[in-house]
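Subject: Model handover and packing notes

Hi,

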Amino acid sequence: MWYNNILETIGNTPLVKLNNITKEISATVLAKIETTNPGNSIKDRMAVKMIEDAEKSGKLKPGGTIIEGTSGNTGMGLAMAAIIKGYKCIFTTTDKQSEEKVDALRAFGAEVIVCPTNVDPEDPRSYYSVSSRLEREVPNSWKPNQYDNLSNSQAHYEQTGPEIWKQTEGKITHLVVGVGTGGTISGAGKYLKEQNPNIKIWGIDTYGSVFKKYKETGILDKDEIYPYITEGIGEDFLPQNVNFDVIDLFEKVTDKDAALMTRDIARKEGIFAGNSAGSAIAGLIQLKDKLKPEDVVVVIFHDHGSRYMGKMYNEDWLRERGFLKDEKLTARSILAKRTNQEVITLDCEKTISEAINIMKTLSISQLPVTQQGMVIGKITESNILDSLLENPSLKSSPVKEIMTASLPFVDLNTSIDKISSMINKDNSAVLVEDELGKFEIITQYDIIEAISG
């Protein structure tokens, strides 16, 4: 048997028992692995449904252009369907989204416009506003609007909900889903509650999003809104696909907990999932006291880890945000292991002759060059030698005339791996600013000492 095209392979994704990350949870926890869809995410389901419903209603005409604001996964589903069905795609997204997601959309021939994250949805620069303007301007275009297009939740009512019910043989007691557009949780949740009204539907939200407070108070609180890192869940408005009557409660998860749990899912379960899966499991662990041993919990793993290689799966990215403090050596630990050293700098107006004297006296081969206390360049023995061989009279000139680019700066949390990769023939060391604002210099010798010590 074969499929007639790639769209026919969407759905019927596996349900897999989690064994290690859920040890502190008494219930059986099952992950719905949506990464086995051809676009590697659950959004394939609703992308095709939105297109097919628009074709039926006449909103999407042959040869048309699909225009959508998307963080990547819905775009992937739409782009894939557009190739099979003969449409063009233009997507707007935010600069918060990972590069991998944007590159993947472009790989499918879509045009992608990246917009700023930290603006209101109504702002003309927001990815919502830009996509709406393009829909008005591009002839024969259609905007699915995944947030308010109810074909989104209908896809999960028709597919995801029934699959979960069948796969658990009706034993499911809780559905746990990260909430973004609200389509998955509302559609699948509605179907499951129709089968058994006692099933609990739990939504995972993030700090900086409005869902939890709105569910609990009925108030859309603008003060709740602030930028966050977690991708794929949370919103700063209320999409029509979020059916608050279906969702029993919302639980908020921090960016840090979501990011670290995303990594743990790969390391402890061998499942390479995206950021919203990390949020969902972290939220479920926070809610563990509400569960009994006989409960059967299904958690949606929305998308694939490959879309987060530059973020949640990148240790330096995690360290820069203070999310990761592990045994690996960092700039901070390298400095802590060595004796206190005074970093000698040289003002850019000092002469080359003075630079030579300092280097000779202190037996050093390089000096950071400063201007009003700020590091603006560096001068090395080889710099001086090359310059004087060319023009011996330069000795009395200021060092700024022959200095080269500054040594690179690193953060105290930067890993030893990254520092090593930055030390090369152009940079014999890196600079780091300590907690007191004082410059420190790390050389290859310091790294060797730290490793061997």
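Below are the conventions, then the sheets, the helix pairs and one record annotation.

This is a predicted model, in which local features need pLDDT of at least 70, side-chain atom pairs count only at pLDDT 80 or more, and totals for chains, interfaces and linings use all residues. Residues are numbered from 1 along each chain as its sequence is written, and side-chain values use heavy atoms, with hydrogens and water left out.

Helices (H or I, at least four residues) and strands (E, at least two) are DSSP runs, numbered from the N terminus.

Two strands pair if DSSP finds at least two bridges between them. Strands β3 (residues 65-69) and β4 (residues 88-94) run parallel and are joined by five bridges. I67 has I90 of β4 as its bridge partner.

Axes are lines fitted to C-alpha atoms, for helices over the stretch in contact, and angles run from 0 to 180 degrees between N-to-C directions. Contact means heavy atoms within 4.5 Å.

**Helix α5 and its partners**

Helix α5 (residues 151-167) meets helix α1 (residues 43-57): their axes come within 8 Å and cross at roughly 130°. The two are therefore oblique to each other. The classes are: under 35 degrees roughly parallel, over 145 roughly antiparallel, 65 to 115 roughly perpendicular, the rest oblique. The crossing of α1 and α5 is right-handed. A crossing is right-handed if the near helix is turned clockwise from the far one by less than a right angle, and left-handed if anticlockwise.

On the α1 side, the contact uses R45, M46, K49, M50 and D53. Residues on the α5 side include S151, N152, H156 and E163. The residues of this α1 and α5 contact divide into three nonpolar, six polar and five charged. Here Ala, Val, Leu, Ile, Met, Phe, Trp, Tyr, Cys and Pro count as nonpolar, Asp, Glu, Lys and Arg as charged, and the others, Gly among them, as polar.

Helix α5 also packs with helix α6 (residues 183-195), at an angle of about 50° and with the axes 7 Å apart. So α5 and α6 are oblique to each other. Their crossing is right-handed. Among the residues in contact are Y157, I164 and W165 of α5 and Y191, L192 and K190 of α6. The α5 and α6 contact holds seven nonpolar, 10 polar and two charged residues.

**The three-stranded sheet**

A second open sheet has the order β14-β15-β16, with mixed pairing. Its edge strands are β14 (409-410) and β16 (439-443), each pairing on one side only. Strand β15 (residues 429-433) pairs with β16 in the antiparallel sense over five bridges. A429 has T443 of β16 as its bridge partner.

**The annotated CBS span**

UniProt places the feature "domain: CBS" (unreviewed entry) at residues 339-396. UniProt positions follow the numbering used here, feature names are shortened, and annotations may be inferred rather than shown by experiment. The span is 36% helix and 26% strand, and its end C-alpha atoms lie 35 Å apart.

Helix α12 (residues 352-362) and helix α13 (residues 381-390) have axes that come within 11 Å and cross at roughly 140°. They are therefore oblique to each other. The crossing of α12 and α13 is left-handed. I352, A355, I356 and M359 of α12 touch E381, I384 and L388 of α13. That contact divides into six nonpolar, no polar and one charged.

Best wishes
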